[in-house]
Amino acid sequence: MTDIRRATAADAFAIAEITKAAFKLYKNDLHSSYPIAALEESVDDVRRDIESHAVYVALADGSVAGSIRVKKLTDSLAYIYRFGVSPHINNTGIGSKLLDAVISDCKNDGIKAIALHTNSRYYKLARYYYGKRFFVHSTSTDKGYIRALFVKELSDESCDVSPAFGL
């Protein structure tokens, strides 16, 4: 059984380890030489995110198995980052449960849209986000590769997503 809850400072080490493992797999799958900030993150960085933003963990058999972070950019826009699941249990639905929890909480908070970035060449992730009703809003090469800004609209009202451009 998988439980989703908000992270606490006690989860920081496990979140850091899973984030590094997930993003190392991401980097290897892309055969990328581009620097990935998630691989340089410290446990203290994770703690700061837990204190400043919404960080959720998925628990499988009582242990942290995945995490997702979301920050509110404006009253109507949230941004997902550092979303990862332990590579040992990928494709088991844990990531979808984490994402669904964020979407639900954002809707309840009156958020109109959620944005996130991923490498546009990572077909597996692009397909996943399309399946979750995200769409590619735009692309950029500001990090040295083609990054896609994916957006999920949570309301019929328009939402300015430009605060997510430079993240």
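Visitor: Which residues does glutamate 41 touch, not counting residues up to four places away in sequence?
Guide: In this predicted model, glutamate 41 is found in the loop between helix H1 (12–30) and helix H2 (43–52). Leaving out residues up to four places away in sequence, glutamate 41 touches Thr19, Lys20, Val46, Asp49, Arg69 and Arg82.

Visitor: Is glutamate 41 buried or exposed?
Guide: The relative accessible area of glutamate 41 is 7%. Buried means under 20%, so glutamate 41 counts as buried.

Visitor: Which residues touch the most other members of the largest nonpolar core?
Guide: This core has 26 residues. Strand S2 (54–60), strand S3 (63–72), strand S4 (77–85), helix H3 (94–108), strand S5 (113–119), helix H4 (123–131) and strand S7 (147–153) each supply at least two of its residues. The helix that gives the most is H3, with six residues. The residues that touch the most other members are Ile80 and Ile114.

Visitor: Which residues is isoleucine 114 in contact with, leaving aside its neighbours within four places in sequence?
Guide: Isoleucine 114 belongs to the largest nonpolar core. Its contacts, with those neighbours left aside, are Leu77, Ala78, Ile80, Val102, Ile103, Cys106, Phe134, Phe150, Val151, Lys152 and Leu154.

Visitor: How many residues are in the other core that lies apart from the largest one?
Guide: Among the members of this other core are Ile15, Val46, Ile50 and Val55. In soluble globular proteins, nonpolar side chains tend to be buried together. The number of residues in this other core is eleven.

Visitor: How many disulfides does the structure hold?
Guide: A disulfide requires two cysteine sulfur atoms within 2.5 Å. For cysteine 106, the nearest cysteine sulfur is that of cysteine 159, 11 Å away, so cysteine 106 is in no disulfide. Cysteine 159 is likewise in no disulfide. The number of disulfides is zero.

Visitor: Why is the pair of tyrosine 129 and phenylalanine 150 classed as it is?
Guide: The two ring centres are 5.6 Å apart. Planes under 30 degrees apart count as stacked and over 60 as edge-to-face. The planes here stand at 50°, so the pair is tilted.

Visitor: Where in the chain do tyrosine 129 and phenylalanine 150 lie?
Guide: Both residues are buried, tyrosine 129 at 6% relative accessibility and phenylalanine 150 at 2%. The pair links distant parts of the chain, 21 residues apart. Tyrosine 129 lies in helix H4 and phenylalanine 150 in strand S7.

Visitor: Which residues do ring pairs link into a cluster?
Guide: The count of aromatic pairs comes to seven. The cluster linked by ring pairs consists of Tyr128, Tyr129, Tyr130, Phe134 and Phe150.

Visitor: Over which ring does the charged end of arginine 6 sit?
Guide: Lysine 71 lies over the face of tyrosine 81, at 5.0 Å from the ring centre. The charged end of arginine 6 is 5.4 Å from the centre of another ring, that of tyrosine 56.

Methods: Residues numbered from 1 in each chain as written. Predicted model: local features only at pLDDT ≥ 70, side-chain atom pairs only at ≥ 80, totals over all residues. Heavy atoms only, no water. Core = buried A, V, L, I, M, F, W, Y, C linked by side-chain atoms within 4.5 Å. Buried < 20%, exposed > 50% of the residue type's maximum accessible area, 1.4 Å probe, protein only. Helix = DSSP H or I, 4+ residues; strand = E, 2+ residues; numbered from the N terminus. Contact = heavy atoms within 4.5 Å. Phe/Tyr/Trp six-rings, centres within 6.5 Å; stacked < 30°, edge-to-face > 60°. Lys NZ or Arg CZ within 6 Å of the ring centre and 35° of its normal.
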